[in-house]
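Thank you all for coming; I would like to take you through one structure this morning, moving from its sheets to its domains and then to the contact between its chains. Please have the picture open while I talk.

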Amino acid sequence: MSATAEPEKGGFRLSQLIYDTRYRSMTIQIIALIGFLLSVGWLIRNAGQNLAELGKPLGFGFLTEQAGYDINQRLIEYNSQMTHGRAAVIGLLNTLLVAFLGCITATVIGVSIGVLRLSKNWIVSRLMTLYIEMFRNVPVLLWIIITMAIFIEVFPQPRDFRGEDAIATMKLFDSIAITNRGILIPALAYGPGIVLVFITFVLSLIGIVFFRRYAKKLQEETGKILPSGLISTGIFFVPTLVVFFAATMINLNKEHVVFGAKTLTLNADNSISADSGIRFCDTGGAGNVNAKNLMRANGIKFKSVPSYDLADSLTRMSSGNTRTGCDIATVPSGTALPEGLFVSEGISLYSGRPIELEKPYLSGFNFTDGVLMRNSLIALWFALSLYTAAFIAETVRSGIQAVSKGQTEAAGALGLRPGRITSLVVLPQALRVIIPPMISQYLNLTKNSSLAIAVGYMDITGTLGGITLNQTGREMESLIILMAIYLAISLTISTIMNQYNERVKLRER
Amino acid sequence: MKKSVFIGTLAAVSVTAGMAAASTLDDVKAAGELKCGVSTGLVGFAAADANGVYHGFDVAVCRAVAAAVLGDGDKVKFVPTTGKTRFTALASGEVDMLARNTTWTFSRDVDLKFEFIGVNYYDGQGFMVPKALGVASAKDLDGATVCIQTGTTTELNLADYFRSNNISYEPVPIETNAEGQAQYLSGACDVYTTDASGLAATRATFEKPDDHVVLPEIISKEPLGPLVRHGDNQWGDIIRWTLNALITAEELGVTSANIDKMSMEAGNNPEINRLLGTEGDLGGMLGLDKEWAKRAVAQSGNYGEIFDSNIGEGSPVGIARGLNASWTDGGLLYTPPFR
Ligand SMILES: N[C@@H](CCC(=O)N[C@@H](CS)C(=O)NCC(=O)O)C(=O)O
């Protein structure tokens, strides 16, 4: 402040608050703030009063009450006896899952389309324009519903896979089943040696990072360029595969046996039979998968009961519970077993490779085993990705076009190849322009995922903002929590992206 | 100037506050139409025809109320609601009453602060499966994929039933009956479960209804009835007694065909006289005129006529009266006397 701004002697008069430019703006702001707080206060009081009049005072106790409804896609354990709070968490995880998958695919598709739209090939660039206009100009809700409708109508139902003259067959060596309820892919089952394979893989990843640093340093110091893509790929695959096959060879000598309160019987003709209604303690390892395959190959009908480990299986065997109990399990041969349990004579199983695939298997109404990606998840994921990709493509295109042509030409004049011009000159500059609007696209995608209920995907809006709200009648409370959660997700995404933006933005020195 | 704006605002606020406190009856009369929440489309219960005119068993209750209150059964604005949106619509005043196959339960009555005014259909939850699956009992449904409408009692019953029978299932949540039908028919779910009446109505619209069976198990009690908000007893009474009038009319043999003749002058059955307003002033006690019940019954007939023309055995839906017969015929319909 300059010296002339010193207030004159004679003290402070109230009218200065309005007529003195030094105070006026502050006065106005304070009045606006008071007005704002008053209206917020009035709104809150009004809502509170109305709720009290309806006899429903604000309260969050319902979150600890029993939910009573089931949810199909659960990333963590949940059943209808658990609380509304737990159901909300299940929904939140589902929201995060689809948002995460969606952001990744939307980015991949969007960037490809944005770049291709600038292609010199007339047909390619027109097709990309068509794509962008088609997706940008139809509401995303319609895309979601259309995707789901197509999915349901086009693909076969599980029972079409049954029988000799089945209409539908599984794809890729019988490992993938595409049904109108969802796509089943093999689950991973781990066998002996998996830890070693895993450690090797992690070390390879670290190795790649170090190699890349070294290559960069070498290039900066000597100008020598290593074929780093090829070498990285080599480090990625070779050591892990070597360890994998080595472990597989070693495992050839390892065996699993079947044991339990009941046994499998080896018949004279080498077939295997069992008591009807036998229940299998399914611990999910590779030996376990081989046991199930053996039983299925012999036409034994069994019920799988999920179990965590050997100890869990033992308790389940002795519990006698009709729902959670089980009769037989597998262990590596030679494991000491408690009294009263028998090893099935003459039946030994290959312990399995470090990683075995557990293929989907049609039993009863549906496929069991394998991982089910439900139609609702796929439809929502697909539609959100394709829709958001159209916007991302435009962002990418504008980012690339923002880099002046002179840059490309200058780089060309220096003798750089087109691929390097893009990766070393154009993209680093384009990213500065692309990142900020990209943040809003990610936010849009996440918020649009709340349309999930249109296809029956149980996201947070479907659980907390749907069934829980409806069954408990707690509209106000549910919506407040819902808004707070979306706000938190959005703020997290923008913080992360802003940090990234900070890193790629132009540094002025 | 500033003062007058301030006072004007204050006045406006108090007027709106005053309006909120006025009775639903006055609101409906002032608006000249009854806002009635119905389902988004369930043939026989509530569905719009090609001209946008609503027909159905639940719709008839709305029309009877409009006839009693406004003198014209067409002065109804039908608001389609899903299982999920219906309660919010009623609580917020978007509709004056709800007639949407809604089950009367303790928590809806007590915790959600609604008033169920009676039962117009005694129902229970059932399962429908394609015949080709060869399922004979709900106990055989282990591992099945089940389409289920969210925000309903049936969703909770389903979870309880499978849990207590130790069988597993995969729920597919849907919002409207139409969605459920699409998923079920394309085989995206093996089973469709909802109120047995809803199953019958849905099945009636199928191209080949005979390819589908409703399993014998009925797993719950679903007394369906119209409801209003807590707190306006006069309005609750009007709806309650309009429904009772329809049921009583059947019991007393008053039909849309003979009602005009019967209400000409007092006959020798005093209850009919009181019902039709030729004796006493029951309508006045409700805040309506003497002929309210006559108009309600004349609108689409008595309970029996409404049942037969919309969902009865002569209609495509083809439901037998069963529990929904008058108590004089071995059913559960029994109304308090008109006196
Ligand atoms: N009675 C149950 C279920 C009511 C319900 O949603 N019924 C379905 C099928 S019977 C329906 O009316 N659907 C029509 C629609 O989708 O709007 C309840 O009150 O929760």
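This is a predicted model: local features need pLDDT of at least 70, side-chain atom pairs count only at pLDDT 80 or more; totals for chains, interfaces and linings use all residues.

**The sheet of chain B**

Let me begin in chain B, where strand 9 (residues 144-149) is joined to strand 10 by 6 bridges, the two strands running parallel. Residues are numbered from 1 along each chain as its sequence is written, chains are lettered from A and ligands numbered from 1 in the order in which they are written, and side-chain values use heavy atoms, with hydrogens and water left out.

As for terms, helices (H or I, at least four residues) and strands (E, at least two) are DSSP runs numbered from the N terminus, and two strands pair if DSSP finds at least two bridges between them. One bridge in the pair I started with has B:Gln149 facing its partner B:Ile174 in strand 10 of chain B.

The whole sheet in chain B is an open one of 5 strands in the order 10-9-11-8-12, with mixed pairing. Its edge strands are strand 10 and strand 12 (212-214) of chain B, each of which pairs on one side only, and the twist from one strand to the next averages 30°; angles here run from 0 to 180 degrees between N-to-C directions, the axes being lines fitted to C-alpha atoms, for helices over the stretch in contact.

Helix 6 of chain B packs on this sheet and touches strand 8 (125-130), strand 9, strand 10 and strand 11 (191-195) of chain B, its direction making about 150° with that of strand 9 of chain B. Contact, here and later, means heavy atoms within 4.5 Å.

Is strand 11 of chain B buried or exposed? Of its 5 residues, 5 are buried, so strand 11 of chain B is largely enclosed by the rest of the structure, where buried means under 20% relative accessible area, exposed over 50%, and partly exposed in between (1.4 Å probe, protein chains only). Strand 11 of chain B pairs with strand 8 of chain B in the antiparallel sense over 4 bridges, with B:Gly126 standing opposite B:Thr194. Strand 11 of chain B is also joined by 3 bridges to strand 9 of chain B, and those two run parallel; there B:Ile148 stands opposite B:Thr193.

The loop between helix 6 (153-164) and strand 10 (169-174) of chain B holds B:Asn166, whose phi is positive, at about 55°, although it is not a glycine. B:Asn166 counts as partly exposed, at 28% relative accessibility.

**Domains of chain B**

The domain assignment, whose bounds come from an automatic or database source, divides chain B into domain 1 (24-122 + 223-329) and domain 2 (125-220). Their C-alpha centres lie 29 Å apart, and 19 residues of domain 1 of chain B are in contact with 16 residues of domain 2 of chain B. The area buried between these two domains is about 1200 Å², with carbon and sulfur atoms giving 60% of it; buried area is the accessible area (1.4 Å probe) that two parts lose on being put together, summed over both.

How many salt bridges are counted between domain 1 and domain 2 of chain B? The count is 1, a salt bridge being a side-chain nitrogen of Lys or Arg within 4 Å of a carboxyl oxygen of Asp or Glu.

**Chain A and the interface**

In chain A, 3 strands form an open sheet in the order 1-2-14, and the pairing is antiparallel. Strand 1 (177-179) and strand 14 (371-374) of chain A are the edge strands, each pairing on one side only.

Turning to the two chains together, 40 residues of chain A are in contact with 39 residues of chain B. Between them the chains bury about 3200 Å², 48% of it on carbon and sulfur atoms, and A:Phe365, A:Asn470 and A:Gln471 supply 21% of the area that chain A buries against chain B, more than any other three residues. There are 3 salt bridges between chain A and chain B. A:Arg181 forms a salt bridge with B:Asp190, with the closest N and O atoms 2.5 Å apart.
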